[in-house]
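Here is a short report for a reader who is new to this structure. Look over the sequence and the model, then read on.

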Amino acid sequence: KRLKVRCAEAFEGLEQVTTRQDIIFSDIYLQEGMHPTQTTADYIQHCAQRLKAEGMLVTNCWREHQNDDQVLHLIQAQFAHVATCSTADHNWLIFASQQPLTPTPEHREQAKVLSKTLGYSLNKHLKRLQQA
């Protein structure tokens, strides 16, 4: 009951948000690839404005975007802390927050407990997290 999922067109969905959010997952793709909206300064700024002080933006990009410094620079312009992670499926995730993103021993312990519930290792993914 603490989770609310909103699925909408990017800007339209953000405009409907009236309260600050804990997390925004941005995964905007068309059949031919990533929608250009996801990599605009306006969109990233809108996301930053709609997050709580400790909130996080998670942006899903494809592997080929790893060499696109523009995407990373736009996000770094809005967020104090940015980290990235490559997935086994060849996606490139960007995590952005105003708070530090370095996993602590507490995070690792929480991941260990959650891993048992989920049936797969979260610590393996924490190890992939790299500061941008």
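Which residues does threonine 59 touch, not counting residues up to four places away in sequence? The contacts are Ser26, Gln38, Ile75, Trp92, Leu93 and Ile94. This is a predicted model, so such details are read from a prediction. Threonine 59 sits in strand S4, which runs over residues 51-62. Its relative accessible area is 4%. Buried means under 20%, so threonine 59 counts as buried.

**The largest pocket**

Next comes the largest pocket. Its volume is about 2000 Å³. The lining holds 50 residues. Nearest the centre of the pocket lie Ile23, Ile24, Phe25, Met56 and Val58. Several elements give two or more residues to the lining. The helices are H1 (10-16), H4 (105-118) and H5 (123-128). The strands are S1 (21-26), S4 and S6 (91-97). Which of the elements gives the most to the lining? Strand S1 does, with six residues. By type, the lining divides into 27 nonpolar, 13 polar and 10 charged residues.

**Salt bridges**

Side chains of opposite charge can pair when their charged atoms come close. How many salt bridges does the model have? The count comes to two.

| Glutamate 15 | Arginine 50 | 3.8 Å |

Take the pair of glutamate 15 and arginine 50, whose closest N and O atoms are 3.8 Å apart. This pair links distant parts of the chain, 35 residues apart. Glutamate 15 belongs to helix H1. Arginine 50 lies in the loop between helix H2 (41-49) and S4. Are the two partners buried or exposed? Glutamate 15 has 47% relative accessibility, so it counts as partly exposed. Arginine 50 has a relative accessible area of 14%, so it counts as buried.

Aspartate 22 lies in strand S1 and lysine 52 in strand S4, so the pair ties together parts that are 30 residues apart in sequence. Aspartate 22 is partly exposed, at a relative accessible area of 47%. Lysine 52 is partly exposed as well, at 32% relative accessibility.

Notes. Residues are numbered from 1 along each chain as its sequence is written. This is a predicted model: local features need pLDDT of at least 70, side-chain atom pairs count only at pLDDT 80 or more; totals for chains, interfaces and linings use all residues. Side-chain values use heavy atoms; hydrogens and water are left out. Helices (H or I, at least four residues) and strands (E, at least two) are DSSP runs, numbered from the N terminus. Buried means under 20% relative accessible area, exposed over 50%, partly exposed in between (1.4 Å probe, protein chains only). Contact means heavy atoms within 4.5 Å. On a 1 Å grid over the protein atoms alone, a cavity is a set of points where a 1.4 Å probe fits but cannot get out, and a pocket is an open set with protein on both sides within 12 Å along at least five of seven lines; lining residues have an atom within 4 Å of a point. Grid points are joined across faces, edges and corners, and a volume is the space filled by probe spheres set on the points. Ala, Val, Leu, Ile, Met, Phe, Trp, Tyr, Cys and Pro count as nonpolar, Asp, Glu, Lys and Arg as charged, and the others, Gly among them, as polar. A salt bridge is a side-chain nitrogen of Lys or Arg within 4 Å of a carboxyl oxygen of Asp or Glu.
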